[in-house]
Amino acid sequence: HGVNILRQKEGASKDGGIALLDGGTALIGDVASIEAAIDQRQAGSAAPAALLDKVRKISATNDAWFVTLGTPAQFLSGKIADPNLNGAMQGNLLATVQEASGGIRFGESAVSLTAEVVARSEKDATALADVIRFLAGMVQLNSAPGASKGASLLENMQLSAQANVMTMSLAMPEDQLEKLLGSDRAPRKAAAVRP
């Protein structure tokens, strides 16, 4: 229907891709699901009401956002180079995630990140929040004094689990985000040119 789909190179373990529907909407997933969504859009069929409600809610309060139905393991399995992280993506805890959404909002002086995960049960939502707290604590403990400010920013992270929904939010000053993104970049020295 005139929409280009960027596919993974041939021989990849999963047939994944991305399609840009317009200037503000992208589809990411397996190619069959992307094609089905494009067909549905072309036919004028509406997406499920629950999905559209989430899209309206999260797009109204964020500058960049995502909404997914299904576990992140479906999308990320096999795509992470680190075998330990890739194994974690296939773990039991991520398999309990039924849907997720999140976004980033740029304010005048601060940047806010939010995420919401709907888990299979209240116990799973609480366990997911506990794992994220544990990982954030490990990052803070293992960061060297004077190292990247990313670890100290995790102290501002807010996590909560109510019923089967886990929410996370993190706000940081814009200048700290800029330093964090550029802190590992050493300035390039000009190459000497000899006549």
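Visitor: Arg7 first: what does its relative accessibility count as?
Guide: Arg7 counts as partly exposed, at 47% relative accessibility. Buried means under 20% relative accessible area, exposed over 50%, and partly exposed in between (1.4 Å probe, protein chains only). This is a predicted model: local features need pLDDT of at least 70, side-chain atom pairs count only at pLDDT 80 or more, and totals for chains, interfaces and linings use all residues. Residues are numbered from 1 along each chain as its sequence is written, and side-chain values use heavy atoms, with hydrogens and water left out.

Visitor: Which side chain meets Arg7 in a salt bridge?
Guide: Glu35, at 3.2 Å, N to O. A salt bridge here is a side-chain nitrogen of Lys or Arg within 4 Å of a carboxyl oxygen of Asp or Glu. Glu35 sits in helix α1 (residues 31-42) and Arg7 in strand β1 (residues 5-7), so the pair links distant parts of the chain, 28 residues apart. Helices (H or I, at least four residues) and strands (E, at least two) are DSSP runs, numbered from the N terminus. Glu35 is partly exposed too, with a relative accessible area of 33%.

Visitor: How many salt bridges by this rule?
Guide: Seven. One of them joins Asp53 and Arg56, at 3.0 Å, N to O. Both lie in helix α2, three residues apart, about one turn of the helix. Asp53 is partly exposed, at 45% relative accessibility.

Visitor: And Lys54, buried or exposed?
Guide: Buried, with a relative accessible area of 17%. The side chain of Lys54 meets that of Glu99 in a salt bridge of 3.5 Å, N to O. Lys54 is in helix α2 and Glu99 in strand β5, 45 residues apart. Salt bridges with shared partners join Lys54, Glu99 and Glu116 into one network.

Visitor: Switching to the sheet. What is the strand order?
Guide: β4-β5-β6-β8-β7, an open sheet of five strands with antiparallel pairing. Two strands pair if DSSP finds at least two bridges between them. The edges are β4 and β7, each pairing on one side only. Twist averages 10° from one strand to the next. Axes are lines fitted to C-alpha atoms, for helices over the stretch in contact, and angles run from 0 to 180 degrees between N-to-C directions.

Visitor: How many bridges do β4 and β5 share?
Guide: Six, between β4 (residues 64-69) and β5 (residues 97-106). Thr68 has Ala100 in β5 as its bridge partner. β5 and β6 (residues 110-119) pair over nine bridges, and a hairpin of three residues joins them. β6 and β8 (residues 165-173) also pair over nine bridges, and Val118 stands opposite Val165 in β8.

Visitor: What packs on the sheet?
Guide: Helix α6 (residues 122-142), touching β5, β6, β7 and β8 and making about 165° with the direction of β7. Helix α2 (residues 49-61) lies across β4, β5 and β6, at about 160° to β4.

Visitor: Where is confidence lowest?
Guide: In helix α4 (residues 83-89), with a mean of 46, whereas strand β7 (residues 158-162) is highest at 93. That score is pLDDT, the predictor's confidence in each residue, from 0 to 100. Residues 79-90 fall below 50, yet this stretch has 15 contacts beyond near neighbours in sequence. A contact means heavy atoms within 4.5 Å. Residues 184-195 are also below 50, with zero such contacts. Where pLDDT is low, the predicted coordinates should not be read in detail.
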